[in-house]
Amino acid sequence: MSRARVPHDEEMWDPQIPRWHDPEGDHVLPRALRTLPEPWNEGDWNRIAELPRTDERLMEAQRVITALLEDRDLSPPVPEPPSPGLLWHVWEEFHRAVGKSMPRMVDVTWTGVDELVRTWRERPQLYPLQRHVVRHVEAAMLAMIPSLRNDVADSVFRWLALDPDPGRFADWAVALAECCVTEDIGADAAIELLGAMGGPEAWAALERLSMQPDGPAAWKNAEAAQGALWNPENRGRRGPNPPPPARQPPTAPRPAPPTRP
């Protein structure tokens, strides 16, 4: 006699997320994302990489990053799925499908999302966690908001780092990059930009971010900042004095072995 398959906790989990309705229409995403200028509202890196770094475009990039940091609608409380967290990967899979069918953020509507859900349900084979996502698509779309915010910030910092002399942006980009690392928004690209800019302001920001264990940045970002400080490619951008090494995490004492009676 075969045993019935016991559903995984993630398959049975109910995130209890109501469907949000925008007063301005059938939109899924907050207004701050929908109103981003092109091509930042599309996520098309090929177009972004070709943008000229004119004064107008640089001011636009500064406004984009500032909006990502200040608008509270872009950091909604996303419920944490049960372990082992495989639902995050399926949410990301659904996000890619949404981006493919509705490439501009302003185009993402509940009508389009529901049509995508019907398409998924018509698949000849749908894995249990994929079935969970189409049953609770509201949670998947809620998780898409901070994901898009992260992607946009990442694109802005990567675009700035393409400049032959990114240090010329230090007067405004250092503070924004440091804030984004602290908030964990496009953190990897922000740290890379700080390393590429060099100069005393950027190095001071990296030193603050690299503090462990009680610094302003999350542990993984503090490690990345420490790596940028000691990256051989950045040596020529350092000041006359090398940055001090970041503090290492405290080591817990090992328990004494049990004694035999």
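Are Phe 94 and Trp 120 buried or exposed? Select the two residues to begin the tour: both Phe 94 and Trp 120 are buried. Keep in mind as you look around that this is a predicted model.

**Stop 1: the aromatic pairs**

The count of aromatic pairs here comes to five. Now colour by secondary structure and find where each partner sits. Trp 13 is in the loop between α1 (9-12) and α2 (31-34), while Trp 91 belongs to helix α5 (residues 86-101), so the pair ties together parts that are 78 residues apart in sequence.

Trp 13 has a relative accessible area of 16% and is buried. Trp 91 also counts as buried, at 1% relative accessibility.

Go back to Phe 94 and Trp 120, which make an aromatic pair of the edge-to-face kind, with 5.1 Å from centre to centre and 75° between the planes. This pair links distant parts of the chain, with Phe 94 in helix α5 and Trp 120 in helix α6 (residues 110-121), 26 residues apart.

**Stop 2: helices α4 and α9**

Select residues 55-70 for helix α4 and residues 170-183 for helix α9; their axes come within 11 Å and cross at roughly 30°. With angles under 35 degrees counted as roughly parallel, that makes α4 roughly parallel to α9. The crossing of these two helices, α4 and α9, is left-handed.

Show side chains to see who meets whom. From α4 come Leu 58, Gln 62, Ile 65, Thr 66 and Leu 69, and from α9 come Trp 172, Leu 176, Cys 179, Cys 180 and Glu 183. In this contact of α4 with α9, seven residues are nonpolar, two are polar and one is charged.

**Stop 3: helices α11 and α12**

For the last stop, select residues 199-209 (helix α11) and residues 219-229 (helix α12), whose axes come within 8 Å and cross at roughly 140°. That makes α11 oblique to α12. The crossing of α11 and α12 is left-handed.

Which residues of α11 and α12 meet? On the α11 side, pick Trp 203, Leu 206, Glu 207 and Leu 209; on the α12 side, pick Ala 222, Ala 225, Ala 228 and Leu 229. The contact of α11 with α12 has seven nonpolar residues, no polar ones and one charged.

How values were computed
Residues numbered from 1 in each chain as written. Predicted model: local features only at pLDDT ≥ 70, side-chain atom pairs only at ≥ 80, totals over all residues. Heavy atoms only, no water. Axes fitted to C-alpha atoms, helices over the stretch in contact; angles between N-to-C directions. Helix = DSSP H or I, 4+ residues; strand = E, 2+ residues; numbered from the N terminus. Parallel < 35°, antiparallel > 145°, perpendicular 65-115°, else oblique. Left-handed = near helix turned anticlockwise from the far one by under 90°. Contact = heavy atoms within 4.5 Å. Nonpolar A, V, L, I, M, F, W, Y, C, P; charged D, E, K, R; others polar. Phe/Tyr/Trp six-rings, centres within 6.5 Å; stacked < 30°, edge-to-face > 60°. Buried < 20%, exposed > 50% of the residue type's maximum accessible area, 1.4 Å probe, protein only.
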